[in-house]
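Here is a short note to read alongside the model. Please keep the sequence and the 3D view open while going through the points.

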Amino acid sequence: MTLFLHHIALCAPLFLLVFLGWGLVRARIFSNDVTKALGAFTFRLLMPTLLFKLLSNLSEMPPIDWRVLIAFFGSCAVVYLGGRAAVRRLFSTDAAGTTVLAMAGIFGNNVQLGVPIVQLSLGDAAMPTISVIILFNVLLLWTVAIASVEFGRHGRIRNPREVLAPMLRVFRNPLVVAILLGCAWSFTGLKLPDFAQKSVDLVAVATTPMCLIVVGMGLARHSFSAALPKGLFVTAVKLALQPFIVWLIARALGLGELETNAATLMAALPVAINIYLMAQDFDAEEGGASNGIFVSTLISAVTVPLTLTLLGVAP
């Protein structure tokens, strides 16, 4: 109980900022236009700067155990395929709706919420591991979603280009560019000039609170009551089932403690706001997606500290 209370206290300031952002929009202090602008500012500048800063020291950190990808994305495959079957049976959804709800069970808020939580609870040593997960998460999951929708609608993939295109566009993603540049800069052995490094440090310091507030502001656009049964189903899968499967695979592979904890914690994060964008893009299950995002984020304020406690992460 003492350890659990420690992690509650550790994570409470982070989630307080999330709900502060939610309250600012719900109180109409800021409009949706401000939310979108701050979201773009965070995504295109703040978070890439933080990732570059953290990974520019990659050569000085322990090497990445690439088996962590097997643990994380192995769980994604199991949960996604099982989730599709369960969603079709429980909710009688069409191909696009099935894909959106099943994808919600594996697509977590790895960047805006995940990076601050992992950095605070596991430290900078975990950043290379979660950066690899973020990189392949962006690369693989959107591609799988698009392929699943096209196959479900037409019984086959009619245009392979539409499926493969996201794999190429991923290299224009600011987060991916920052990860690759940070890794490349690290192995040059060079250091940024002192004035440039201080500027990067200042931006990085601003990143965590701004990311969390922006997450909350985004939540204010979603409903708690819309399609609640679907939201609860998605929440249970995302916050309980996927992290448990990641942990099982990591243990079976013999991954180190840091890698196991990082991968499990990344799997225990709430549904990403990107799922709502996916639902809009596919014109399917916007209510279920929005509810899954809101409910999972609300409940994760307790389940994330609980996950850290079960993993035995020491103060």
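The points below go from the overall fold to single residues.

1. **Basis.** This is a predicted model, in which local features need pLDDT of at least 70, side-chain atom pairs count only at pLDDT 80 or more, and totals for chains, interfaces and linings use all residues. Residues are numbered from 1 along each chain as its sequence is written, and side-chain values use heavy atoms, with hydrogens and water left out.

2. **Overall fold.** The protein has 13 helices and 0 strands. Helices here are DSSP runs of H or I with at least four residues, strands are runs of E with at least two, and numbering starts at the N terminus. Buried residues account for 52% of the 315 residues. Buried means under 20% relative accessible area, exposed means over 50%, and partly exposed lies in between, with a 1.4 Å probe and protein chains only. Among contacts between residues at least 6 apart in sequence, 84% join residues at least 24 apart. A contact means heavy atoms within 4.5 Å.

3. **Nonpolar core.** The largest nonpolar core holds 77 residues. Such a core is a set of buried Ala, Val, Leu, Ile, Met, Phe, Trp, Tyr and Cys residues joined through side-chain atoms within 4.5 Å. Which members touch the most others? They are Met47, Phe72, Val115, Ile117, Met266 and Ile275. Helix α3 gives the most to this core, with 9 residues. Leaving aside neighbours within four places in sequence, Ile275 is in contact with Val100, Met103, Ala104, Phe107 and Ala289.

4. **Helix α3.** This helix has 25 residues and reaches 35 Å from its first C-alpha to its last. That is close to the 36 Å expected at 1.5 Å a residue. The expected span is 1.5 Å times one less than the number of residues. The buried residues of α3 include Phe72, Phe73, Tyr80, Gly83, Arg84 and Val87.

5. Ser92 sits in the loop between α3 and α4. Ser92 has a positive phi of about 50°, although it is not a glycine. At 64% relative accessibility, Ser92 counts as exposed. Asp94 is also placed in the loop between α3 and α4. Asp94 counts as partly exposed, because its relative accessibility is 49%. The C-alpha atoms of Asp94 and Glu285 are separated by 9.5 Å, yet these residues are 191 apart along the chain.

6. **Cavity.** Rolling a probe the size of a water molecule over the atoms shows where empty space is left. A cavity is a set of points, on a 1 Å grid over the protein atoms alone, where a 1.4 Å probe fits but cannot get out. The count comes to 1 cavity of 30 Å³ or more. The largest cavity has a volume of about 30 Å³, where volume is the space filled by probe spheres set on grid points joined across faces, edges and corners. Its lining consists of Gly83, Val87, Leu101, Ala102, Gly105, Phe233, Val234 and Val237. Lining residues have an atom within 4 Å of a point. Helix α10 gives the most to the lining, with 3 residues. The lining divides into 6 nonpolar, 2 polar and no charged residues. Ala, Val, Leu, Ile, Met, Phe, Trp, Tyr, Cys and Pro count as nonpolar, Asp, Glu, Lys and Arg as charged, and the others, Gly among them, as polar.

7. Not counting residues up to four places away in sequence, Lys230 touches Phe91, Leu101, Glu285 and Gly288. Val295 lies in helix α13 (residues 286-311). Val295 is buried, with a relative accessible area of 2%. The C-alpha atoms of Val295 and Val234 are separated by 9.1 Å.

8. **Helix α5 and Asn261.** In helix α5 (residues 114-122), 7 of the 9 residues are buried, so the helix is largely enclosed by the rest of the structure. Gly123 follows α5 and has a positive phi, near 90°. Asn261 is found in helix α11 (residues 257-267) and is buried at 8% relative accessibility. Not counting residues up to four places away in sequence, Asn261 touches Leu122, Leu311 and Val313.

How values were computed: On a 1 Å grid over the protein atoms alone, a cavity is a set of points where a 1.4 Å probe fits but cannot get out, and a pocket is an open set with protein on both sides within 12 Å along at least five of seven lines; lining residues have an atom within 4 Å of a point.
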